[in-house]
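Let's take a walk through a protein model together, stopping at its aromatic rings, its core and the question of confidence. Have a look at the picture before reading on.

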Amino acid sequence: MRSRYAATAALLLAALTACGGGSSSDTASKPKPGASKSDTVDCTDQALDQAEWMEHCSDEAGTGGDGTGWQATGLKFGESCTWPDGLKVTVVDARVFTDYDPELLESAEPGSTDFRVTLKLETGGKSAVDLDDLSVIVEGATNGGEAAFTMFEKGSQPLEGRLAPGVAATKTNDDVLETKYGRKIVVTVQRSSENFDLDFPAFEGEIAD
């Protein structure tokens, strides 16, 4: 038997607006054609009013970096999503986990796939980000099923602590999915906040060996 925590599937309270799709790392607004200096705003400012952000920043980063719109669904592993305060999240990959710690009695269970999701987080804003506000939900993308959250000892880097401005970090999320649901999955990254309504970004991919 290995230690396992219950799946945390409950939706969080109100949170930030939809992330910007694509792999763009520039979250600061640029002047619109014909706009004066006073018309520009800092899109990384956490105190920015929602209406101002929608007017000045919502078309900054497009689905493919071409400025054609924002998306929080249909993202693929390796693509990024950036919140208005500058926090960018990328689901790098998901891989089968086999590096068990025998001293903790970790082991594979028949009929299940143990795997680790790797995420890259970067802070482009002016304030530190509380990583405890983030959580991950993993679901099967073929015929249903939700993965159960667990934590393997070796190499684990859970979403916790704070991330200072201008810092990038790699974090992990360990899960178990019944093999009957296949290896194609959707990884949804939730983030709590008191300021905005959030469309949680969802990344699609496959569990690799």
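Rings of Phe, Tyr and Trp (its six-membered ring) count as a pair if their centres lie within 6.5 Å; the pair is stacked when the planes are under 30 degrees apart, edge-to-face when they are over 60, and tilted for the rest. With that in hand, you can look for three aromatic pairs in this structure. Keep in mind that the model is predicted, so local features need pLDDT of at least 70 and side-chain atom pairs count only at pLDDT 80 or more, while totals for chains, interfaces and linings use all residues. Residues are numbered from 1 along each chain as its sequence is written, and side-chain values use heavy atoms, with hydrogens and water left out.

Start with Phe-97 and Phe-152, which are stacked at 4.3 Å centre to centre, with 5° between the planes. Phe-97 sits in the loop between β3 (87–96) and β4 (112–123), and Phe-152 in the loop between β7 (148–150) and β8 (162–163), so this pair ties together parts that are 55 residues apart in sequence. Strands like these (E, at least two residues) and helices (H or I, at least four) are DSSP runs, numbered from the N terminus.

Now turn to the largest nonpolar core, which has 28 residues. Such a core is a set of buried Ala, Val, Leu, Ile, Met, Phe, Trp, Tyr and Cys residues joined through side-chain atoms within 4.5 Å. Phe-115 and Ile-185 have the most contacts inside this core. At least two core residues come from each of β3, β4, β6 (134–140), β9 and β10 (184–191).

Finally, how confident is the prediction? The chain averages a pLDDT (the predictor's confidence in each residue, from 0 to 100) of 77, and 64% of the residues score at least 70. Confidence is highest in strand β9 (residues 168–178), at a mean of 98, and lowest in helix α1 (residues 50–56), at 53. Where pLDDT is low, the predicted coordinates should not be read in detail.

Definitions and conventions
Buried < 20%, exposed > 50% of the residue type's maximum accessible area, 1.4 Å probe, protein only.
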